[in-house]
Amino acid sequence: MTIEEARKLIKNPLYLGCMIIKTEGADGQISGALSTTGDTLRPALQIIKCEPGITCVSGGLLLISKQKQYGEDGVLVVADVAVTPMPDANQLAQIAVCTARMAKAVAGFADPRVAMLSFSTKGSAKHEVCDKVIEATRLAKEMAPELKIDGELQADAALVPSVGAKKAPGSDIAGKANVLVFPNLEVGNIGYKMVQRLGDAIAIGPVLQGIARPVNDLSRGCSIDDIYYMIAITSCQAMDAKK
């Protein structure tokens, strides 16, 4: 890049914001009300880059349900709902670890319990997409042995104690999950929007995960509440990054 190109590019507030963060003049950035997700991510990945050990950016979401028996008093953290369409096993493992960390930093979960979702539970079905989830579970445990992660689990086995005990006896996660990792973006995006609309749940996010410093993306149709929530989330991420 030439100095002339750089001077032109830095006039773009999305690039300027990331440069201010990079030079420690700010702790985080929120954009997207007037720009696309791609426009928000591009300068973040070029300037701030991913956090150490992470190569896959993903979008986590807080789902707040009236069904208090699920997750943490009705609160679940789910991913990926926004960024990586078809993650491979390694990327899916990274998404799981990042989502568990986000659940601690943003949702305040003292004990994230991560379920790697599939249409199979512990070998009940055989398919290469199930094999990917099984491998991702193994890799995630290697990446972060301190975290509680299990898979592959169907959604009901992950959330309902009686179903979890029947389908995955002996699992520490089955029936008790508060963090759900979808096998791909299509499932995640459709799934959370159905829960939001049909189940009358509140969806907060998505929160971008895997970037070295907090950079978050709003929808171009965002409300004042959406902006308020994202300010609070970005602040929590920034405080966690400084620990």
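Colleague: I have found Lys 49 in the loop between helix H3 (37-48) and E2. How do you know what counts as a helix or a strand?

Modeller: Both are DSSP runs numbered from the N terminus, where a helix (H or I) has at least four residues and a strand (E) at least two. Keep in mind that this is a predicted model, in which local features need pLDDT of at least 70, side-chain atom pairs count only at pLDDT 80 or more, and totals for chains, interfaces and linings use all residues. Residues are numbered from 1 along each chain as its sequence is written, and side-chain values use heavy atoms, with hydrogens and water left out.

Colleague: Why is Lys 49 called partly exposed?

Modeller: The relative accessible area decides: under 20% is buried, over 50% is exposed, and partly exposed is in between (1.4 Å probe, protein chains only). Lys 49 has 44%, so it is partly exposed. Lys 49 also has a positive phi of about 70 degrees, although it is not a glycine.

Colleague: And what makes Glu 24 exposed?

Modeller: Its relative accessible area is 67%, so Glu 24 belongs with the exposed residues. Glu 24 sits in the loop between H2 and strand E1 (29-31), and its phi is positive too, about 65 degrees, in a residue that is not a glycine.

Colleague: Let's go inside. Why is Ala 136 called buried?

Modeller: Ala 136 has a relative accessible area of 0%, so it is buried. You can find Ala 136 in helix H5 (residues 128-143).

Colleague: Which residues does Ala 136 touch, leaving out those up to four places away in sequence?

Modeller: They are Ala 89, Leu 92, Ala 93 and Met 116. Contact here means heavy atoms within 4.5 Å.

Colleague: What makes E3 largely enclosed?

Modeller: Strand E3 is largely enclosed by the rest of the structure because 5 of its 5 residues are buried. Val 75, Val 77 and Ala 79 point one way, while Leu 76 and Val 78 point the other way.

Colleague: How do you know that E2 and E3 are paired?

Modeller: Two strands pair if DSSP finds at least two bridges between them. Strand E2 (residues 58-64) and strand E3 (residues 75-79) have 4 bridges and run antiparallel, so they pass that test. Leu 62 stands opposite Val 77, and Leu 63 opposite Leu 76. E3 also pairs with strand E6 (residues 179-181), this time in the parallel sense over 3 bridges; there, Val 78 has Leu 180 as its bridge partner.

Colleague: What is the order of the strands in the open sheet?

Modeller: The open sheet has 6 strands in the order E5-E4-E6-E3-E2-E7, with mixed pairing. Strand E5 (148-153) and strand E7 (202-209) stand at the edges: each has a single partner strand, so one side of each is left without a neighbour in the sheet.

Colleague: Now the charges. Why is the meeting of Arg 42 and Asp 39 called a salt bridge?

Modeller: A salt bridge needs a side-chain nitrogen of Lys or Arg within 4 Å of a carboxyl oxygen of Asp or Glu. Arg 42 and Asp 39 meet at 3.0 Å, N to O, so they qualify. Being 3 residues apart in helix H3, they are separated by about one helical turn. As background, side chains of opposite charge can pair when their charged atoms come close.

Colleague: How many salt bridges does the structure hold?

Modeller: It holds 11 salt bridges. One of them joins Glu 142 and Arg 138 at 2.6 Å, N to O; these two are 4 residues apart in helix H5, about one helical turn.

Colleague: What does the salt bridge between Glu 72 and Arg 113 tie together?

Modeller: The closest N and O atoms of Glu 72 and Arg 113 are 2.7 Å apart. Glu 72 lies in the loop between E2 and E3 and Arg 113 in strand E4, so the pair ties together parts that are 41 residues apart in sequence. With a relative accessible area of 14%, Arg 113 is buried, whereas Glu 72, at 30%, is partly exposed.
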